[in-house]
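Hi everyone, thanks for coming.

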Amino acid sequence: MVIYLDNAATSYPKPTAVASAIQNALEVATSPGRSLHKLARNATLIVQEARQKIAALLGCTEESIVLTYGCTDALNMAIKGILREGDHVVTTALEHNSVLRPLRRLSKQGIIKLSIVDFDEQGYVSASKIANHLTPQTKLIAVTAASNVLGTVQPVAEIAELAQKSKVLLLVDAAQALGTVKLSLEGIDLLACGGHKGLLGPTGTGFLYVATKTKLNCWREGGTGSDSLSALQPEEMPYHLEAGTPNVLGLAGLAAAIDYLLERTVSDIAKHELRLTELLLEGLAKLPKVKVYGNRFDRRIATVSLSVHGYSSEEVAAILDESFQIAVRGGLHCAPLVHQQLGTTEQGLVRVSFGPFNKVDDVEALLAALLEISQC
Amino acid sequence: MNRYSRQILFEGIGQEGQKYLSKSHVTIVGCGAIGSASAEALARAGVGSLRIIDRDVVEPSNLHRQSLYDETDAKNHLPKAEAAKRRLQMLNSELQIEAIVRDVSSTNTEHLLEGTDLVLDGTDNFETRFIINDACIKRSIPWIYAAAVSSYGLTMTVIPEKTPCLRCIFEQLPPPASAPTCETAGVILPIISSISAIQVTEAIKILIRRYELLHKSLVQLDIWKNRYVKIDVTNARSKDCICCSRKIFDYLSQPQSLVATLCGRNTVQVVPNAGFKIDLKQLAEKLRPHGEVQINRFLLRFKLPEGYELTIFPDARSLIHGTADTTTARSIYAKFVGA
């Protein structure tokens, strides 16, 4: 039995209801909105239900939830939908490539100007540092709610206040945060998240929250199942941004996953995962050859990055996989600037990330394995 | 005077045989030592077209045995397929040559072998041979297995539906690191010439349709130890052979070893498809003469003088540092870990 500690990549296992919801959808639902027969209506209901549940989880209206094929999809939709020639954007060195790459392309093409704010020794960016980079041309601040490498939870509320005050739009990448971190939407204009990490749903699902006042251009155009005579993509939200057949099966699974999440409660899951994280950090502190990166104590999610002296991160990950049946991820985690600032580009980092179904035994097994490896 | 006159005078070939040769198309997969020798012989013999497929570049350590290449090729790191084409064209300007610089894989082999009459094995690993065997049996193309390392070599001719295929003889892949490779055990040119001589003679017999003259054996030679063994395979076709009897071409459908470039790391990970256990200590002994070796119970690190570094784990998965190119990594893996 594999000990799975790679929940920051995708959560595993999923709540059992997820598989049955997908199975059920396969049997009773087809494609929504396009036809009026029962199978199509069932699909429409599944999509509606997923949208409702996401809205309930976030505390927003259904019209603000655009269903996407993942967090990357949602981030691209936001970035490419909002930015125009001459705009300035402030982002952070903590960002994932799904934020950095679209921004850097626009910057390289000379369409936008980009400022990248670094993080402090503990792994946090600050609203005041971001404020220093704002110019009259700044259109957008793009920031992650929690670092996918260091696990540090960023001061989104403070940054939101700054954005509001400065009349700048705020895009939050909530990929690592939702499911365990409670986020207030106050002052957030755009928030992107995948369905397969903390939300415990299947891959290929996600959404973009778009505040009512925010207007996005659509970057994907096509069929919406309604308003077929219109020559252009309909303006009505969220359909304006939802061209193409949605991932009905995935959304069925995601709705079931959110049910589980709401029943067990986000705070209970967070408490459970953080307790495991605390145990891990205590144990790691006793291993002299293991170095932990980022704040160890508070304002964090259950993601810990470390290195073992004498080994590259991929070597540690391979040994854990092969000799101990423990699944973690080694490498750069698609966040190149984090490693650049930490000076860990050469070795990479070993990332351990807990989920709602991990146990104390898993932590102990990992600590024992790391002790053995570090002594070799 | 016809350039082939002496060959035509040979009664086994004659005018008719030469005509057949001139119209034939042969593919050589892997143009290292055996591939070079066999390609040269076929080019001189006057086959119509040759397709040379190889993923590597010429290195100085190839020159003592890979007869198509010279010092300039090694200095310029020319792809072997390209260097071979240039040299062969000088030997025979009438020859049609196609040089393909590529790794043959489960997904591209059938396509790469299209339109050929015969396939010659010049590869350095068993996994690719299993892929060739599957593709040739499926497409009904004869092929000739050939391998050499140290002073020892093997060859066998496979005619679909008539002779045993490679899987009748070797059901499974040998585990990685179990067999010696030219990089770990060395190799001398005479075994290459000997095995290639047999392979090319068989090739000519097939191309001129003299199937009755084939040796019908698994030939094993050790020219240093003076062992010449010929195992008759006339009755070795297995009724249960997964490939030629049951027609399950698993090496064309299942993914090969998983080879992936690690995100931004100038490192490639190779994970063999099947579950293996290798003895790191034994491998360390084999590799020690060729570079710096570091070993503990979890891994073996092997630093090559060329700058590449391999980390090999007991299940044969390996990290190849110093390249982001999967083809280069696959080739280094085949040379030092083997497959």
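This is a predicted model: local features need pLDDT of at least 70, side-chain atom pairs count only at pLDDT 80 or more; totals for chains, interfaces and linings use all residues.

Residues are numbered from 1 along each chain as its sequence is written, and chains are lettered from A and ligands numbered from 1 in the order in which they are written.

Back to that pair. The axes of α3 (residues 33-45) and α5 (residues 80-91) of chain B come within 9 Å and cross at roughly 30°. Axes are lines fitted to C-alpha atoms, for helices over the stretch in contact, and angles run from 0 to 180 degrees between N-to-C directions. Helices (H or I, at least four residues) and strands (E, at least two) are DSSP runs, numbered from the N terminus.

Which residues of α3(B) and α5(B) make the contact? From α3(B) we have Ser36(B), Ala39(B), Glu40(B), Ala43(B) and Arg44(B), and from α5(B) Ala84(B), Leu88(B) and Leu91(B). Contact means that the C-beta atoms of two residues, placed from the backbone, lie within 7 Å. By class, the contact of α3(B) with α5(B) has five nonpolar, one polar and two charged residues. For these classes, Ala, Val, Leu, Ile, Met, Phe, Trp, Tyr, Cys and Pro count as nonpolar, Asp, Glu, Lys and Arg as charged, and the others, Gly among them, as polar.

Now over to chain A for another helix pair. Helix α1 (residues 16-28) and helix α7 (residues 248-264) of chain A pack at about 145°, with axes 8 Å apart, and their crossing is right-handed. Their contact includes Ala21(A) and Ile22(A) of α1(A), with Ala252(A) and Tyr260(A) among the residues of α7(A). In that contact, 13 residues are nonpolar, two polar and one charged.

Let's look at the sheet in chain A. It is open and has seven strands in the order β2-β8-β7-β6-β5-β3-β4, with mixed pairing. Two strands pair if DSSP finds at least two bridges between them. At the edges sit β2 (65-68) and β4 (113-117) of chain A, each pairing on one side only. On average, neighbouring strands of this sheet are turned by 20° against each other, direction ignored. Helix α2 (residues 38-58) of chain A packs on the sheet, where α2 touches β2 and β8 (206-210) and its direction makes about 125° with that of β2(A). Helix α6 (residues 156-166) of chain A packs there too, touching β5 and β6 (169-173), at about 160° to the direction of β6(A).

Inside the sheet, three bridges join the parallel strands β3 (residues 88-92) and β5 (residues 138-144) of chain A. What stands opposite Val90(A) in β5(A)? That is Ile141(A).

A few backbone details are worth a look. Most residues other than glycine have a negative phi, and most peptide bonds are trans. In chain A, a cis peptide bond joins Tyr12(A) and Pro13(A), with omega about -5°, and Pro13(A) is in the loop between β1 (3-4) and α1. Another cis bond joins Met237(A) and Pro238(A), with omega about 0°; Pro238(A) is in the loop between β8 and α7 of chain A. In chain B, Ser150(B) is not a glycine, yet has a positive phi of about 60°.

Finally, the bigger parts. Chain A is assigned domain 1 (16-263) and domain 2 (266-375), with bounds from an automatic or database domain assignment. The two domain centres of chain A, taken over C-alpha atoms, are 28 Å apart. Between the chains, 13 residues from chain A meet 16 residues from chain B. Helix α9 (residues 313-324) gives the largest share of chain A's side, six residues.

Methods: A crossing is left-handed if the near helix is turned anticlockwise from the far one by less than a right angle, and right-handed if clockwise.
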